[in-house]
Amino acid sequence: MITKEAVTFFEDLVANNNTEWMHANKKRYDDFKKDYHAYISSILAEMKPLDSTLDSLEVKNCTFRINRDIRFSKDKSPYKTNIGVWLTQNKNSKNAPGYYIHFEKGNSFIAGGCWCPEPGELKQIRKEIAYFYDDLEAIVSDKKFKSEFGTLSHDEKNTLKKAPKDFEADHPAIEFLKMKSFTASEKIDDKLFLDKNFSKIIAQKLIVLKPMNDFLRRALNTDE
């Protein structure tokens with residue numbers, strides 16, 4: 001669970017997103033980091049028995065820096081105002097299939113899959129879908145998957161309007177093949193993050209995404 005102190009810290013940060021405030025509240029930030037790491041540790045404790053690919057993960061592999069990259073952003077606020085956790089087998093790859101947990105007041109959610117893979121990786125995933133689309137169809141048609149996540153996330157910015165190169169427009173999996181990201185997500189009530197059983201509850205939700213992650217991992221580990 002997330003502590004009430006961590007939530008209050010972020011509420012105050014939203015109203016005071018500047019370096020002066022952060023420096024003046026360094027003790028609160030240090031306390032938040034301890035809570036953040038304990039929060040991740042509790043999630044790992046629930047997820048590792050369910051997905052052995054996460055066994056080597058440590059808390060430090062799942063964290064995000066609070067500082068925002070503002071080099072190319074119109075919003076120059078220096079700090080993030082959400083609490084993110086990323087769990088993936090490949091600790092050194094930002095695009096590896098995995099599980100994501102996001103706390104942000106009014107916009108909390110869980111998600112998983114592979115977001116914006118590199119061109120070579122995208123080609124591998126599309127090839128796997130083209131040859132084994134029945135496997136992916138079975139995953140997203142599963143009752144638990146549909147109940148928790150509905151279907152794969154469709155984002156116009158990450159979806160082609162036409163069939164990708166080297167794939168037929170009438171391919172049975174064309175709607176999957178048009179995607180440039182392969183993720184699924186579910187909105188989560190902010191209150192759940194304060195529940196003492198949060199980690200156990202959220203692990204049972206996230207593990208529903210394991211077959212999808214396994215499919216994507218298989219695609220990325222298959223030689224050309």
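Let's start with a pair of helices: the axes of α3 (residues 26–47) and α7 (residues 198–206) come within 9 Å and cross at roughly 50°. That makes α3 oblique to α7, a label for angles that are not under 35 degrees (roughly parallel), over 145 (roughly antiparallel) or 65 to 115 (roughly perpendicular). Axes here are lines fitted to C-alpha atoms, for helices over the stretch in contact, with angles from 0 to 180 degrees between N-to-C directions. Helices (H or I, at least four residues) and strands (E, at least two) are DSSP runs, numbered from the N terminus.

From α3, Tyr 39, Ser 42, Ile 43, Glu 46 and Met 47 meet Phe 198, Ser 199, Lys 200, Ala 203 and Leu 206 of α7, where contact means heavy atoms within 4.5 Å.

## About the model

This is a predicted model, in which local features need pLDDT of at least 70 and side-chain atom pairs count only at pLDDT 80 or more, while totals for chains, interfaces and linings use all residues. Residues are numbered from 1 along each chain as its sequence is written, and side-chain values use heavy atoms, leaving out hydrogens and water.

## The sheet

Now for the strands: four of them form an open antiparallel sheet, ordered β1-β2-β3-β4; strands pair if DSSP finds at least two bridges between them. β1 and β4 (182–187) sit at the edges with a single partner strand each, so one side of each has no neighbour in the sheet.

Six bridges join β1 to β2 (residues 98–103), and Trp 86 stands opposite Tyr 100 in β2.
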